[in-house]
Structures are given as structure tokens and as C-alpha cells.
Amino acid sequence: MTAALIDGKAFAAGLRERVAQRVARFVEQAGRAPGLAVVLVGDDPASAVYVRSKGKATTAAGMAGIEHRLPADVPQQALLDLVDALNADPAIDGILVQLPLPSHIDEQAVTTRIDPDKDVDGFHPVNAGRLATGLEGFVPCTPLGCLMLLKDQLGDLSGLDAVVIGRSNIVGKPMAQLLIAESCTVTVAHSRTRDLPSVVKRADIVVAAVGRPQMVKAEWLKPGATVIDVGINRTPEGLVGDVDFAGALDVAGAVTPVPGGVGPMTIAVLLRNTLISAERRENVVGEGAL
Ligand SMILES: Nc1nc(=O)c2c([nH]1)NC[C@@H]1CN(c3ccc(C(=O)N[C@@H](CCC(=O)O)C(=O)O)cc3)C=[N+]21
């Protein structure tokens, strides 16, 4: 084994600590805690687990976490009405509607209903457009967490060859935008990409976000590459990423584990985004780096 392990869990703990310190300053100045509303529709056990750990992390950072649970058969209009109420509530700085939603609900209708300036997930098309054009806005938590790990590991990314595997609106596309903004040469690969191994071979940075267990093989990697594994796949053998982790350890320069890599960063960045939303909404100048 030659690769360094990228300890996302430790980095996320540090970020949560820095957020908590700035939250304390915010509370002094604004006279209230930042508020994050999390909406969970139905009772998918995996979603319930994420929502619970989000709730715990929110409280630990000194923020107010408000959970709304709706039955799986809730009419779409009732969900939209709840979003409207949260948009109008001055104590709420961030709104997260846990995805996926039941199939009778149009996810786009819900995502676009959230006030873009409370959209701490960064899923609203206005925030996607802001990211694409270099305007300030909310950036989706998972790709921003990946970028933080990359910059911590590599410093300046400018000129590096980056391959993003996956083109989702939630991870692949915003990840590519972030890497373009860092002056990487970015390739976005996906299920129709021809000869993925040779595309990956060129990359100094590989971000795997496909949702297929251990799809990215160690032999594809350029020796010394930095590998960020966004995949969280539940298999009979346990939780595994999109990368052949054991193999990558012998080829890569650095690699994120699953669990303990990108996942914890997603929650830490969510708290960061919520704090920044609160500071903007109350005109509080944040002090101390995040
Ligand atoms: N509107 C919305 N925003 C989200 O950000 C969102 C969502 N919907 N729906 C579900 C996915 C999933 N997600 C994760 C968060 C933390 C871990 C995490 O902390 N994982 C740990 C533990 C994994 C485990 O044991 O299950 C790890 O990777 O080490 C994983 C996944 C946020 N999501």
C-alpha cells in the first residue's frame, strides 16, 4: 500500500467545530440560532438514518434543527404548502427536503419551490446557474465537500486533469463546475462514455459518483492519482464505494475510504451552508475561516 488515506471523517469534524464557533458569534449578534428545517416524506429506513444524523449534527453545532415528517402518501400540494410556510418563516435559514421523494411527487416542483436563498442543498436551478456563472450562491454539499478534501490534499488544483464519473445534477455536474472554477481540465464521463479506463488513466483527480459498487478498477488509475469516492453502496459484504478501494491503495496517491470519506463531509457542509445563509439573512459578518 502506497496511497495516503483521505480522512473525511476527521476533516468533517474539524469543519463542524469551526462552524460551531461561528454559530456562537452569530447567536450573540443576531439573538437567535441559525435554523435548518429538514423535511422527510415517508419512512424509508436509510433516509431516516441520514435525517437523524443531520439532526444530531445540527444541534451539536448550536443550530436549531426542525424536523418535519410527512406520510408517504402526502399530497404534493401539502408538501408545497409546507415549503411555502418554511420560505416565509424568518427563523428558518435553510430548507432541505430529503430526496428521493415518493413517485407521486414531482421532485422538480418541490426543489424549485424552495426559496433559492434558503436552498442550502444547492439543488434549485437558480443556484445551479449561479455556480455555473461564478455568482455567489449555495453549492451542493457533496461536491463542495469533495472539493474541500481535494484542496486540502493537493493545494492548488490549477492545470490538473480531472475526471468526474457521473453526470447527476446533485453531484457530477456541480463537481465539474467547481473543478472548472479551480482551473482543472475537466472530463465528465458517464454510462455512454467509450473506453472509460483510458479516460480515467489520464486523470490526476478522479471523482467517482456512479452508484455502482467497485466499478472503478485500480488498473485504470494513473499512479499517484487522487481518488475521491462518492459512492455509498449497500452490498451483502457491507458498505462499499464506487472504487476498488483495496486495489486503489496500491496505485493511487491518495484515496477516500467508504465509509468515513465523503459522506461525513456532506453533513458538515450542510451545516456550513446553513450558517452562511443565516449570516447573509441577518447581515452578520462571519469571522474565522471555514
Ligand atoms: N435533499 C437531500 N440532501 C442530501 O444531502 C441528501 C439527500 N437529500 N438524500 C440522501 C443523500 C445521502 N446523504 C448522505 C449524507 C451523509 C452520509 C454519511 O455521513 N455517510 C457516512 C456513513 C454511511 C452509513 O453508515 O450509512 C460515511 O460515508 O461515512 C451519507 C449520505 C445525503 N443526502
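## Model and conventions

This is a predicted model: local features need pLDDT of at least 70, side-chain atom pairs count only at pLDDT 80 or more, and totals for chains, interfaces and linings use all residues. Residues are numbered from 1 along each chain as its sequence is written.

Helices (H or I, at least four residues) and strands (E, at least two) are DSSP runs, numbered from the N terminus.

## Domains and ligand

The protein is divided into domain 1 (31-120) and domain 2 (141-263). These bounds come from an automatic or database domain assignment. The C-alpha centres of domain 1 and domain 2 lie 29 Å apart. Both domains give residues to the shell around the ligand, so the ligand lies between them.

There are 16 residues around the ligand; Gln 98, Leu 99, Pro 259, Gly 263 and Thr 266 come nearest. A residue is near a molecule if its C-beta atom, placed from the backbone, lies within 6 Å of it. Strand E4 (94-97) and helix H10 (262-281) are the elements that give two or more residues to this shell. H10 gives the most, with four residues. By type, the shell holds 11 nonpolar residues, four polar and one charged. Here Ala, Val, Leu, Ile, Met, Phe, Trp, Tyr, Cys and Pro count as nonpolar, Asp, Glu, Lys and Arg as charged, and the others, Gly among them, as polar.

## Helix H10

H10 has 20 residues and should span 28 Å at 1.5 Å a residue; its end C-alpha atoms are 28 Å apart, which agrees. The expected span is 1.5 Å times one less than the number of residues. Of the 20 residues of H10, 18 are buried, so the helix is largely enclosed by the rest of the structure. A residue is buried if 20 or more other C-beta atoms lie within 10 Å of its own, exposed if 12 or fewer, and partly exposed in between, with C-beta atoms placed from the backbone.

## Helix H5

Helix H5 (residues 125-133) has Asn 127, Ala 128 and Leu 131 as its buried residues. They cover an arc of only 105° around the axis, which puts them on the same side of H5. The arc is that of the directions from the helix axis to the C-beta atoms. On the other side of H5, Gly 129 and Thr 133 are exposed.

The buried residues of H5 pack against helix H7 (172-181). Contact requires C-beta atoms, placed from the backbone, within 7 Å.

## Cis peptides and positive phi

Two cis bonds deserve a look. One joins Leu 99 and Pro 100, with omega about 0°. Pro 100 sits in the loop between E4 and helix H4 (107-111). Another joins Val 258 and Pro 259, with omega about -5°. Pro 259 lies in the loop between strand E11 (254-255) and H10.

Asp 195 is not a glycine, yet has a positive phi of about 55°. Its loop runs between strand E6 (185-189) and helix H8 (196-201). Asp 195 counts as exposed, with 9 C-beta neighbours inside 10 Å. Gln 214, also not a glycine, has a positive phi near 55°. Gln 214 is in the loop between strand E7 (205-208) and strand E8 (226-229). With 22 C-beta neighbours inside 10 Å, Gln 214 counts as buried.

Key
Two residues are in contact if their C-beta atoms, placed from the backbone, lie within 7 Å.
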